[in-house]
Amino acid sequence: MIFTGVLPRLERTAAENLAKKYGAKVTKSILGKTSLVVIGEEAGPSKVQKIKKNKIKAITEDGFIQLLQSMPAEGGDGESAMEARRKREAEERKIIEQAEVEERKARAEEKAASQPQVKSEVDPSRAESPKRVIPNSEKLWTVKYAPNDIAQLCGNKGQINKLKTWLSNWFENAKHDFKNPGPDGSGIFRACLISGPPGIGKTSAAHLVANSLGFDVLEKNASDVRSKSLLNTNIKSVLNNTSVVGFFKHRHDEEQHVNDKKFCLIMDEVDGMSSGDHGGAGALSAFCRITKMPMILICNDKSLPKMRTFDRVTYDLAFRRPTETEVKARLMTIAHREKIKLDPTVIGQLVQVTNHDIRQMINLLSTVSSTQKSISHNESREFSKSWQKQTVLKPFDITGKLLNGQIYNPSSNHTLNDKIDLYFNDIDFTPLMIQENYLSTKPTNVKSTLDHLERVARAADDISQSDHVNSLIRSSEQQWSLLPFHAVMSSVKPSLEVAGNFTQRINFAGWLGQNSKAMKYQRLLQELQYHTRLRTSTDKAQLRLDYLPLLVKKLADPLLQYGEDGIEEVMDIMDYYYLTKEDWESLIDFGVGPAKGELLLKKIPAKVKTAFTRKYNGKSHPVAIYKTGNSVGAGAGARKQKVDFEDVIEDDTNIKDDEEESVDSDKIDTKKDKLIKEVKPKKSTTKKKPAKKK
């Protein structure tokens, strides 16, 4: 069965969990085996057509509740219900058998690890130091139940097989210098890039595949510094080496593997390279082109700009989130080994609240098992909120949630604080995304076109008023306490008015591009006004409105009409207004309508533009130079500037000692005493003796 549309009272997730509790198989799309559809408000037109075409029974929410009330506690009693019950029991028996096999194997490994080490054959006196074996009871569940075989991996079986095929054929492709694509096109790549959300088994898959083929794995992750210089120092030397560890590790094996002496380099969390890893991504991309050993790169988000350097360099394998069916067997096996009675219907709830993160699911089971050994559907409601995985949503996800009519349903569990929390995932982009996409929805329960327009008008008013709140937050007052109110006015309230179904895809905020373009034209206009003000004597607004339209015409028409013969006329006009060649290009860019810059440049032949550039560069041109100076002239009556000695520190290093001052204190200063007249010494009148004659 499937659910479509907005249910009046029940939330979609709660309704699906109720159906699963009674043994129903809930799908997202209409299949050939779909026998029942629960239709709510605003159901999709395509699904309604399929329901009518396939003649599938459809009921409302009231009919669904009535159906549940008439169902026995163990589910339906029809033939199909009995068959489903038998199938479910067979799956449970298989899970129990698998859990017992794994338990026996884990005990045998733990017992073997606790045995004393065998002495060395070369020197019996030298034995390896005993290592402390951590028992399984002390291990984290994520370590204890980590997959040790490819069959234990949940989901992505096709991608894992592609990875195994690429890695097993790597050295065969190396013999052909990676020029033979092969049937799947992987033969031309020296490196592989695995991308996907966290916690879905990407790293485990890479290790298990490499180990199954006999490679010695060398791993580097985000905890290691991976700058360009360190990668060149530590990794580049490994790219064409053989594994000494693999040689000694497998020297006593009866069957030697062809890859025992070969490396497989795993670079985990490649998109986690921070600004401290200078040039790391570029250096790693260069290694992918020259490496002589297989490299497996792992990242969470391949769409980041820093990951573009790996495009067309690596073999891309995109891992998706595992479904409920794919993780059900593994979680039930873990629950059985830990003696926990786990209701299979709870697994669906686990998958939803953890966003399909297997690691998080296992951690949650470990936490709950410390207080109780039974988890049923009713008990899961009590701690479902604590299971919720806190993740930072992207602007597109935030916009989709806010403009979706389901979260404003009275039966929805989303409070006002939950909606405000969506805004706080990205306080800068969320208002811009809502402003960009609030016209792209068909509101729920809209009565007429006039009603739709009134809702849009109210949403536009809310967005306009939120700008006043934002100005108080971003101004010098910095009233950050208004952020929750800004969240309501800019995102929650406008979305409430127009929430419903999207009529087109969600677009990125166009305001950013338009604002960048406006700032660019403001800067160009400022430069033009600075150069032409000696001739125009106008401000920027008057220059744009009165002069630029005519200047564009005068500087483009001669080239369009006369070709190379019109270059001199254009240059004369440019010299008169002190315009440069860059100013000419800026002026053409300011054209609008038929005189738009792109259209004018396409009309001017390339030969004329080349000749124009050559002639302009071959001549000297006048340049307007503005000399800055004092606003007060330095005339005859101008005052001399006084030097401010207020902050000057006097140099006291040459001050004489107090003793010298006391010695000279008895000396009379004749210059200060008016009663004493100092007699000036007479000039000497001695004549120069004549030189003796020889």
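These are my notebook entries on what I looked up in a predicted model.

**Ground rules**

I number residues from 1 along each chain as its sequence is written, and my side-chain values use heavy atoms, with hydrogens and water left out. As the model is predicted, local features need pLDDT of at least 70 and side-chain atom pairs count only at pLDDT 80 or more, whereas totals for chains, interfaces and linings use all residues.

**Entry: strand S4**

I looked up strand S4, residues 191-195; helices (H or I, at least four residues) and strands (E, at least two) are DSSP runs, numbered from the N terminus. For burial I used relative accessible area, where buried means under 20%, exposed over 50%, and partly exposed in between, with a 1.4 Å probe and protein chains only. By that rule S4 is mostly covered, since five of its five residues are buried. In a regular strand the side chains alternate between the two faces of the sheet.

I then asked which strands pair with S4, taking two strands as paired if DSSP finds at least two bridges between them. Strand S7 (residues 295-299) runs parallel to S4 and is joined to it by five bridges, with Ile298 of S7 as the bridge partner of Ile194. Strand S8 (residues 314-318) also pairs with S4 in the parallel sense, over five bridges, and there Leu193 stands opposite Asp316.

**Entry: the open sheet S1-S2-S3**

I next traced an open sheet of three strands, which has the order S1-S2-S3 and parallel pairing. Its edge strands are S1 (2-4) and S3 (57-59), each of which pairs on one side only. The twist from one strand to the next averages 25°, where axes are lines fitted to C-alpha atoms, for helices over the stretch in contact, and angles run from 0 to 180 degrees between N-to-C directions. Between S1 and strand S2 (residues 36-39) I noted three bridges in the parallel sense, and Thr4 stands opposite Ile39 of S2.

**Entry: aromatic rings**

A search of the whole structure gave me 13 aromatic pairs. Rings of Phe, Tyr and Trp (its six-membered ring) pair if their centres lie within 6.5 Å, and planes under 30 degrees apart count as stacked, over 60 as edge-to-face and the rest as tilted. I noted Phe171 as partly exposed at 23% relative accessibility, whereas Phe215 is buried at 5%. Ring pairs also link Trp170, Phe171, Phe178 and Phe215 into a cluster.

I also looked for charges over rings, which requires NZ of Lys or CZ of Arg within 6 Å of the ring centre and within 35 degrees of the ring normal. Lys520 lies over the face of Tyr521, 5.4 Å from the ring centre, and the charged end of Arg535 sits over the ring of Tyr576, 4.2 Å from its centre.

**Entry: salt bridges**

For salt bridges (a side-chain nitrogen of Lys or Arg within 4 Å of a carboxyl oxygen of Asp or Glu), my search of the whole structure finds 17.

- Lys175 and Glu172 meet at 3.8 Å, N to O; being three residues apart in helix H7, they are separated by about one helical turn. Lys175 is exposed at 67% relative accessibility, while Glu172 is partly exposed at 42%.
- Asp462 and Lys493 meet at 3.2 Å, N to O. Asp462 lies in helix H20 (residues 449-474) and Lys493 in helix H21 (residues 483-498), so the pair ties together parts that are 31 residues apart in sequence. Asp462 is buried at 5%, and Lys493 is partly exposed at 31%.
- Lys553 and Asp557 meet at 3.1 Å, N to O, and are four residues apart in helix H23 (residues 540-562), about one helical turn. Asp557 is partly exposed at 22%.

Which residues join Asp462 and Lys493 in a network of salt bridges? I found Arg458 and Glu497 linked with them.
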